[in-house]
Amino acid sequence: MGYAKACPKHLTRNIRMPTARVPKGKIRVLVADKEGIFRIGLKKLFAVEDDLRVVGEAENAAQTVARAEAFRPDIIFIQEEILAESESNLILTITKAVPNCKVVATSSSSSDDASLRHVRNGAAGLILKTVDPQLFVKCARRVSIGETWVPV
């Protein structure tokens, strides 16, 4: 039984109860990946979470920028290959177009150099596609409050 439930109401009205560190409302997510099955998988994974909502999908760099501008997501999970195909710093292009948007690169393999490169280019982190799916949920929540996510 929590403290607030054990005490009379008049004693608890001025007590601040701890709140979750997840922002109010839903965390709006854009999934950018060349593989449709991955996009669908993340969409289904986030659909069962009360605080996460996929607002759009993209399969290349141009679509990612256009849909980021249109849907104004809080977070974009973007495939490392899409980042590599862009001639410019795609992360910078996205964050200039949508200033409060955080970008997380997704990768099939771990590389400290890649993680560092993406973070230097403005990414909020890198997550491996091979991790437990619930880590994507945790990553989205952590990144949404300003933390950086990198593989350990």
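The following conversation concerns a predicted model of one protein chain.

User: To begin with, how many helices and strands are there in the chain?

Analyst: This is a predicted model, and its chain has 8 helices and 5 strands. In sequence order the elements follow the pattern α-α-β-α-β-α-β-α-α-β-α-β-α.

User: What share of the residues counts as buried?

Analyst: Of the 152 residues, 40% count as buried.

User: And the contacts, what percentage join residues at least 24 apart?

Analyst: The figure is 65%, taken among contacts between residues at least 6 apart in sequence.

User: Turning to the aromatics, how many aromatic pairs does the structure hold?

Analyst: The structure holds 3 aromatic pairs. In one of them, the ring centres of Phe 46 and Phe 77 lie 5.8 Å apart with the planes at 35°, so this pair is tilted. Phe 46 belongs to helix H3, residues 36-47, and Phe 77 to strand S3, residues 75-79.

User: Are Phe 46 and Phe 77 buried or exposed?

Analyst: Both Phe 46 and Phe 77 are buried. For Phe 77 the relative accessibility is 1%.

User: Which ring pairs with Phe 77 at 5.7 Å between centres?

Analyst: That ring is Phe 136. Phe 136 sits in helix H8, residues 134-144, and Phe 77 in strand S3, so the pair ties together parts that are 59 residues apart in sequence. Phe 136 is buried, its relative accessible area being 3%.

User: Which residues form the aromatic cluster?

Analyst: One aromatic cluster is formed by Phe 38, Phe 46, Phe 77 and Phe 136.

User: What lies over the face of Phe 38?

Analyst: Lys 129 does, at 4.6 Å from the ring centre.

User: Let us return to H8. Which of its residues are buried?

Analyst: The buried residues of H8 are Phe 136, Val 137, Cys 139, Ala 140, Val 143 and Ser 144. Viewed down the axis of H8, these buried residues fall within an arc of 165°, so they line one face of the helix.

User: What covers the buried residues of H8?

Analyst: The cover includes helix H3 and the strands S1 (27-32), S2 (52-58), S3, S4 (102-107) and S5 (125-128).

User: And what follows H8?

Analyst: Gly 146 follows H8, with a positive phi near 100°.

User: Cys 139 was in that list. How many disulfides does the structure hold?

Analyst: The structure holds 0 disulfides. Cys 139 is buried at a relative accessible area of 0%, and Cys 101 is buried at 4%.

User: Where does Ser 107 lie, and what is its relative accessible area?

Analyst: Ser 107 lies in strand S4 and is buried, with a relative accessible area of 2%.

User: Which residues does Ser 107 touch, not counting those up to four places away in sequence?

Analyst: With those left out, Ser 107 touches Glu 80, Leu 126, Ile 127, Leu 128 and Lys 129. Lys 129 is also the residue that lies over the face of Phe 38.

User: With which side chain does Asp 51 make a polar contact?

Analyst: The partner is the side chain of Arg 141, at 2.8 Å. Asp 51 and Arg 141 are 90 residues apart in sequence, and their C-alpha atoms are 8.6 Å apart in space.

User: Where is Asp 51 placed, and why does it count as buried?

Analyst: Asp 51 is in the loop between H3 and S2. Its relative accessible area is 12%, and buried means under 20%, so Asp 51 counts as buried.

User: One last point: which residue other than glycine has a positive phi near 50°?

Analyst: Arg 72 has that phi value. Arg 72 is found in the loop between helix H4 (61-71) and S3, and at 42% relative accessibility it counts as partly exposed.

Technical notes. Residues numbered from 1 in each chain as written. Predicted model: local features only at pLDDT ≥ 70, side-chain atom pairs only at ≥ 80, totals over all residues. Heavy atoms only, no water. Phe/Tyr/Trp six-rings, centres within 6.5 Å; stacked < 30°, edge-to-face > 60°. Helix = DSSP H or I, 4+ residues; strand = E, 2+ residues; numbered from the N terminus. Buried < 20%, exposed > 50% of the residue type's maximum accessible area, 1.4 Å probe, protein only. Lys NZ or Arg CZ within 6 Å of the ring centre and 35° of its normal. Arc of directions from axis to C-beta. Contact = heavy atoms within 4.5 Å. Disulfide = S-S within 2.5 Å. Polar contact = N/O pair within 3.5 Å; in protein donor to acceptor, adjacent residues only side chain to side chain.
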